[in-house]
Amino acid sequence: MKSNYNRKIFSTLIFTLTLSTPLSVFAHAIMVKSQPEQNATIAVSPKQIDVWFNDKVGGEYKAVAVIDSKGNRVDNKDVQQELLDGSHLYCTTPALPPDTYTVRYRVVSIDTHIVTGKFQFTIKP
Ligand SMILES: [Cu+2]
């Protein structure tokens, strides 16, 4: 109860600061790079999916999911955030058969905004 209240105060404070502070200080997260790259066609299943943002993102509520063309989630549900680079999230995947996959991500920006997005890559036969 108390920590929820504190979190609300903190969020409000961050929001207020965001209005009066240059964006570079409390950045809204934007995906800037991924591995595999967006719309890439690759010949071998990746072992890991990497997503990088323009700034570090929050450790809570982070999610990266890999979905096959039938809508099944196929990643190992083990999303992690790099300790020394908080802008980098990754999850591992089992050996994936040829298909077009959609990667969906969700993060909380330092400016407290929730950011979701997706991109695709294809493993060719
Ligand atoms: Cu934002």
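Okay, so, of the 125 residues in this chain, 17% are buried, where buried takes 20 or more other C-beta atoms within 10 Å of a residue's own, exposed means 12 or fewer, partly exposed is in between, and C-beta atoms are placed from the backbone. Bear in mind this is a predicted model: local features need pLDDT of at least 70, side-chain atom pairs count only at pLDDT 80 or more, and totals for chains, interfaces and linings use all residues. Numbering starts from 1 along each chain as its sequence is written.

For contacts, I mean C-beta atoms, placed from the backbone, within 7 Å. Taking contacts with a separation of 6 or more, 60% join residues 24 or more positions apart.

Now the largest nonpolar core, with 15 residues. A core here is a set of buried Ala, Val, Leu, Ile, Met, Phe, Trp, Tyr and Cys joined through C-beta atoms within 7 Å. Ile49, Val51, Val64, Val103, Tyr105 and Val107 touch the most other members. Two or more residues each come from β3 (48–53), β4 (63–67), β6 (88–92) and β7 (99–108), and β7 gives the most, four. So what does Val51 touch? Leaving out residues up to four places away in sequence, Met31, Ser34, Val64, Leu89 and Tyr105.

Last one: Pro97, in the loop between β6 and β7. Pro97 counts as exposed because 9 other C-beta atoms lie within 10 Å.

Note on methods
Two residues are in contact if their C-beta atoms, placed from the backbone, lie within 7 Å.
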